[in-house]
Amino acid sequence: MMHRTWFDLAAEGFTHVTEGLRSTDLTRPGLGDWDLRALLGHTTRAFLTTESYLRSSAGTSAPDLASPAAYFHAAATGGLADPTEVIARGRDAGAALGENPINSALDIAQRVTAVVDASPDNALVATPVGTMTLMDYLPTRAFELTVHGIDLASASQQPVPHAHTEAAAYCVGLLTDIASPSDRIKMVLALTGRSGLPAGFSLL
């Protein structure tokens, strides 16, 4: 299934980049206000939330959110995307990786990938903004792993893994689903060289 393929590619790319990190890289600038350790911690949350939300879905009976795009819209309006809180969660996640953050991140990726592989497509995932099936939630995590995996590669001066190059194609599709009609027009014009995107343009 496409969603599992994307998640597997994103996890593979994350593992490849993380294996290429050195402990001395972790204090280097990562992304925005994060150093590389905080960026690594934030990225591992894509695995950890999947594991946690699967476990906390007991007692839920039906999904509230019907698509990955619906999740991103709900997260944006439900406070999950507040920049200050996102920065703090990333730093906390980086600190929680402990004395050997690189090995801890690799262990998390391996453990949660196995959990996902063992879970049925229709398993319920209880997120803070609504319940989803695992298959509808996985693309949101694959997106995070792909984009931040590329960020990790850039911050540590590594080439982008081939797995992330493949996964990026799926990211483009999800971004199109998230975009408003007017933003889709802007994207088409920019990607065909007709105009540039406005400063600070983002779909998230």
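Colleague: Why is Asp8 called partly exposed?

Modeller: This is a predicted model, and in it Asp8 has a relative accessible area of 36%. Buried means under 20% and exposed means over 50%, so Asp8, at 36%, falls in between and is partly exposed.

Colleague: What makes His148 buried or exposed?

Modeller: His148 has a relative accessibility of 10%. The limit for buried is under 20%, so His148 counts as buried. His148 is part of helix H6 (residues 134-155).

Colleague: And how do you know that the side chains of His148 and Asp151 make a polar contact?

Modeller: The contact between them is 2.9 Å. The cut-off for such a pair of N or O atoms is within 3.5 Å, so 2.9 Å meets that distance limit.

Colleague: Why is the pairing of Glu51 and Arg111 called a salt bridge?

Modeller: Their N to O distance is 2.8 Å, and a salt bridge needs a side-chain nitrogen of Lys or Arg within 4 Å of a carboxyl oxygen of Asp or Glu. The pair therefore qualifies. It links distant parts of the chain, with Glu51 in helix H2 (residues 36-55) and Arg111 in helix H5 (residues 101-118), 60 residues apart.

Conventions
Residues numbered from 1 in each chain as written. Predicted model: local features only at pLDDT ≥ 70, side-chain atom pairs only at ≥ 80, totals over all residues. Heavy atoms only, no water. Buried < 20%, exposed > 50% of the residue type's maximum accessible area, 1.4 Å probe, protein only. Helix = DSSP H or I, 4+ residues; strand = E, 2+ residues; numbered from the N terminus. Polar contact = N/O pair within 3.5 Å; in protein donor to acceptor, adjacent residues only side chain to side chain.
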